[in-house]
Amino acid sequence: MIDDELRENIKKIALQNAIKYNGKASSKIVLTRTLATNLEFKNKINELRTEVDKIVREINNITRNEQNAEIQKYRIVTNVIKSNTKLPPLKNLIHGKLKTRFSPEPNGYLHIGHAKAAIINDEYTSMYNGEIILRIDDTNPINEKLEYYNAIEEDLKWLNIEFNNVKNSSDDIELMYERCKQLIRSDAAYVCTCQREIIQTNRYKKKSCGCRTNTEEQNYKKWNFMFNKYKTGEAIIRFRGDMESNNTVMRDPVLFRISDGYHPILKTKYRVWPSYDFAVAIEDSLDGITHAFRSKEYELRNELYYKILNSLKMRKPEILEFSRLELKGIPVSKRKIKSLIESKKISGYDDPRLSTLRSMKRRGIVPISIRKFILSLGFTKSNTLAPFDVLESINRKIIDPNSIRLHMVKKPKKINIIKIPFKKIHLHNYPSTNKKRLVTIHENFYLEYEDAIKLKINSKIRLIGIGNINIIKIESDCIYSEFIDDVLDNSIKKIQWVSENAIHKLKITIPKEIFINDKFNEDSLVEISSYTETHYLKLNKNDMIQFVRFGYCRKDSDEHAIYCHK
Ligand SMILES: [Zn+2]
């Protein structure tokens, strides 16, 4: 069934596509992109196609200005807290003319650090009613995979970020070649055929190589050889910077190199690829970006960014830096994560111990918490190593009203209670509403071991929802007790229980810090087999639960829940 939500989704995709292609969306592309996230329509493709065709017709019939206005509406509707932030105002900006970009490389999954960049861009876009584009920075074929392109889009969608346009840097590779030729012609770039080690030593010693004196004609010839004659590593294009500069980035940096890697989209069509520095400067300028945000470790590269654009007489965006964000004890380095996965220390990029968006989603951190958390840290330049509990306390406030309260015991200890005057009781699902669930009870229950071992003969405890009981006898396999009354007495300890005839066995995974003082924490994932109520089975996957006196968890499956936080 095609519902309103799906229709809206198709409309958004059609608008993005229309804006990308001069106001005319392509039914075929819109259909493919819709299918990618709605696989259930694979067998009902005709039904979906009819709807897509209809929507694409509508979109193509309105003007480009109207299309732009429509897509802006989506941004405002779908984003939750916007413009209400502590981000400092931007300078050199005409209201309504802001254009930002988020440009991740498709070489891994997005993590909290990427989320910071994406959210800052998104918030500014809302503050100034600007435009934001997603540009997948895919000019390094060796590390890039198609699965990451898709994952990036999915994860950003989860973060509630809508883009006015989605593109790949590799779309513009021919334009980048043109700019490179322009640099060669104006003698601002040259081909260097020295060995990598020699280039490195020369850079260190602030020494130029002979290639620097190539004539324009020689450079041009060698540039052409890069496409067919030279092998990988035999020739690079270098920017004529300053070999004596104190900024090492400026010592004739690489603009293009040969890479025979298989590109996820362009396959083997190209082998000469721009460096990050070249691609980002050209693309930002060509895309009309007014303000480019990047993290502080790129600060030294700003000089090069502007020099490249100056040499080409191209428009220069304003660059702004923000500090890098990591969570304490959680690695973000791809190399570290890869080695943890390869050595089977973690299960994958969605392992709940990581700070990838996928991990956080599995754990039960919601997108709005991530946004609030990032904005709460502000725009400081000093690197932030934030403790997880700051994010935790923000998330708790948000998920609490919608987390069902269930009883669970980690280490069950049997208790027999006689004289309970009822067979069924109602337990409150949420503290703020009157929704209740019915639990059938008999004589036998389970208590948490930690609670049970503290019990003494003739002591009183209160079982939540049932009432006060008195302990009569304690044996190794069972505790015997009797019901007294239901009178609320605050001096009596209240504990949770599960009824023997309504038990569901549940595995709960508890993620902890992966690294403690840079050493892998062997106890970073604790698994417990618990008893909870059968009501758990009625919940949907992804539902949040607050297990009473334990903490918040997310339902991963009927058999498995993941601990989120206290
Ligand atoms: Zn050289």
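**Reading the metal site and the helices**

Modeller: With angles of 107 to 114 degrees among its four donor atoms, the zinc ion sits in a tetrahedral site. Please keep in mind that this is a predicted model.

Biologist: Which residues coordinate the zinc ion?

Modeller: The SG atoms of Cys-192, Cys-194, Cys-209 and Cys-211 do, at 2.2 to 2.4 Å. Along the chain, the donors of the zinc ion follow the spacing C-x1-C-x14-C-x1-C. Distant parts of the chain are linked by the pair Cys-192 and Cys-209, 17 residues apart. Cys-192 belongs to strand S4 (residues 189-192), while Cys-209 lies in the loop between helix H8 (196-205) and helix H9 (216-225).

Biologist: Are Cys-192 and Cys-209 buried or exposed?

Modeller: Cys-192 and Cys-209 are both buried.

Biologist: Now for the helices: how do I read a pair of them?

Modeller: Two packed helices are described by the angle between their axes and the distance between the axes. Here, take helix H14 (residues 367-376) and helix H15 (residues 388-399): their axes come within 9 Å and cross at roughly 135 degrees. H14 is therefore oblique to H15. The crossing in which H14 passes H15 is right-handed.

Biologist: Which domains does the domain assignment give?

Modeller: The assignment gives domain 1 (4-78), domain 2 (99-169 + 280-325), domain 3 (174-274), domain 4 (328-402) and domain 5 (404-565). Taken over C-alpha atoms, the centres of domain 1 and domain 4 are separated by 32 Å.

Note on methods. Residues numbered from 1 in each chain as written. Predicted model: local features only at pLDDT ≥ 70, side-chain atom pairs only at ≥ 80, totals over all residues. Heavy atoms only, no water. Donors = N, O, S within 2.8 Å, 3.2 Å for Na, K, Ca; no water. Tetrahedral: all angles 85-135°; square planar, octahedral: opposite > 155°, others 65-115°. Helix = DSSP H or I, 4+ residues; strand = E, 2+ residues; numbered from the N terminus. Buried < 20%, exposed > 50% of the residue type's maximum accessible area, 1.4 Å probe, protein only. Domains from an automatic or database assignment. Axes fitted to C-alpha atoms, helices over the stretch in contact; angles between N-to-C directions. Parallel < 35°, antiparallel > 145°, perpendicular 65-115°, else oblique. Left-handed = near helix turned anticlockwise from the far one by under 90°.
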